[in-house]
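Let's take a walk through this structure together. Keep the 3D view open as you read.

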Amino acid sequence: KQWYQRRVREDMADWIVAKLGINKDSVILDLACGKGMYTVRIAQLTGCRFIAVDINEPYIENECKKWAKEHGVVDQCDFRVGSMTDLPDEIRSMKYTHVLCLGAMFYVHEHIDKFLENVYSCCDKNTKVFIWDFVRHVPWSDLVDFNKHFKLAFPIHTKDDILEKFKSAQLELTDCEDVSPYIVPGYVVIERECRKRDPDLK
């Protein structure tokens, strides 16, 4: 499981670098960076500089900084504790070549307008924003098992909901792609390997 998860993360980071044209001159803001694995990989590949923000302080202090040190990018990184819906002024006042939010925006769907306002404040006319997110295609009541893991107190949005939110924000949506064909096979393999070890896994 661990090696496959690592491979999926690396492939995703490689794809983002190619898709967005990230290079050594890029300055990236990574919102809800988690343990920093995507950002560190991107920094390692390109030599870019980045600020990464997550609300989970143990992730920042115990995981992100360790991961950056192990991969030789400490001088390129700045990890901060903070909320992606209420960024500190010093982060909002800076401008970035790229703003990333990878698999985390659905945690703040209830406050998505505030999130998009924060993203916009970090952009100039040339900033590229890349958001990879989960949306639902069925009624929220059908996703009880899904929410046992995430424990969300509110329903995640549909694709149409998200597109409407972007229309009302000041961000120009240039592309919207369903990445399920790339993501789902990886999770299928992870589930299969986990069930080999624990047949009763739910």
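What follows goes from strands to a cysteine and then to some rings.

This is a predicted model, where local features need pLDDT of at least 70, side-chain atom pairs count only at pLDDT 80 or more, and totals for chains, interfaces and linings use all residues. Residues are numbered from 1 along each chain as its sequence is written, and side-chain values use heavy atoms, leaving out hydrogens and water.

Start with strand E4, residues 98-102, which pairs with E5 in the parallel sense over 5 bridges (strands are DSSP runs of E, at least two residues, helices runs of H or I, at least four, numbered from the N terminus; pairing takes at least two DSSP bridges). Within E5, isoleucine 131 is the bridge partner of cysteine 101.

Now look for cysteine 122, sitting in the loop between helix H5 (112-121) and strand E5 (128-132). Is cysteine 122 buried or exposed? Its relative accessibility is 0%, so cysteine 122 counts as buried (buried means under 20% relative accessible area, exposed over 50%, partly exposed in between, with a 1.4 Å probe and protein chains only). Leaving aside neighbours within four places in sequence, cysteine 122 touches several residues, including Leu29, Ile91 and Thr127 (contact means heavy atoms within 4.5 Å).

Finally, the rings. The whole structure holds 9 aromatic pairs (Phe, Tyr and Trp rings, using Trp's six-membered ring, with centres within 6.5 Å; planes under 30 degrees apart are stacked, over 60 edge-to-face, the rest tilted). Tyrosine 107 and phenylalanine 150 have ring centres 6.0 Å apart and planes at 70°, so they are edge-to-face. Tyrosine 107 lies in the loop between E4 and H5, phenylalanine 150 in helix H6, 43 residues apart.
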